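Keep the viewer open as you read.

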Amino acid sequence: NADWQRATERFAVEALVDGAAVAAGVSVAWRAWVVDGGGAELRLEDPAVTAAGANRPSLALRPGVLTPGARYALEVTATSGGEAARATAAARLEVAVNRAPFGGVLRAQPPVGWALDTAFSLGALGWADPEGDLPITFAFAYEPKAGGEGAGGEAGGAAAAGGGGGHAPGPG
């Protein structure tokens, strides 16, 4: 079983035969399905799911394909040789997808101000992660209103569940 995967990131796995890259003349076929909830199969031939398809040694799923909180099975089958001397090997991997933190708020002090003129203090409070992946990290940014002038910027920080904060850039 693989460690937690984030649904918002690309997920990639590679098939190896005897610890080495798949040799020429070996055909590869991937399958992927949801382990829980009916076993719905991912359509690996769909370019929205994976750009390379299901018949290459590497399988790369696009960001957003995997559902947070779900467990997936990935199975690869490698076949070599002609009809008379065909050899087949298969392997299966289960992957759990991490759920996003929930239940918190983002607070700004002061609640209103001017970019590059007002020093804002931001705090992320009350967030919880069901899998206990700590510390919970966050990033925040600001940008001008549509059609407005000014430069955007960003700041960030890390916080343990239940508190923390960062400081947005102010004047200077």
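**Charged pairs and a nonpolar core**

At a relative accessibility of 22%, Glu75 is partly exposed, a label for residues that lie between buried (under 20% relative accessible area) and exposed (over 50%), using a 1.4 Å probe and protein chains only. Before going further, please note that this is a predicted model, in which local features need pLDDT of at least 70 and side-chain atom pairs count only at pLDDT 80 or more, while totals for chains, interfaces and linings use all residues. Residues are numbered from 1 along each chain as its sequence is written, and side-chain values use heavy atoms, with hydrogens and water left out.

Which residue does Glu75 pair with in a salt bridge? Its partner is Arg31, and the closest N and O atoms are 3.4 Å apart. Here a salt bridge is a side-chain nitrogen of Lys or Arg within 4 Å of a carboxyl oxygen of Asp or Glu. This pair links distant parts of the chain, with Glu75 in strand β7 (residues 71-80) and Arg31 in strand β5, 44 residues apart. Strands are DSSP runs of E with at least two residues, and they are numbered from the N terminus.

Stay with Arg31 for a moment, as Arg31 also forms a salt bridge with Glu41, where the closest N and O atoms are 3.3 Å apart.

Now turn to Glu94, which forms a salt bridge with Arg92 at 3.1 Å between the closest N and O atoms. Glu94 counts as buried, at 19% relative accessibility, whereas Arg92 is partly exposed at 48%. Through shared partners, salt bridges join Asp36, Arg71, Arg92 and Glu94 into one network. The count of salt bridges comes to seven.

What about the nonpolar interior? A nonpolar core is a set of buried Ala, Val, Leu, Ile, Met, Phe, Trp, Tyr and Cys residues joined through side-chain atoms within 4.5 Å. The largest one has 23 residues, and Trp30, Leu42, Leu44 and Leu61 have the most contacts inside it. Two or more residues each come from β2 (11-14), β5, β6, β7 and β8 (87-98), with β5 giving the largest share, four residues. Finally, look at Leu61: leaving aside residues up to four places away in sequence, Leu61 touches Arg10, Phe11, Leu42, Leu44, Val49, Thr50 and Leu66, where contact means heavy atoms within 4.5 Å.
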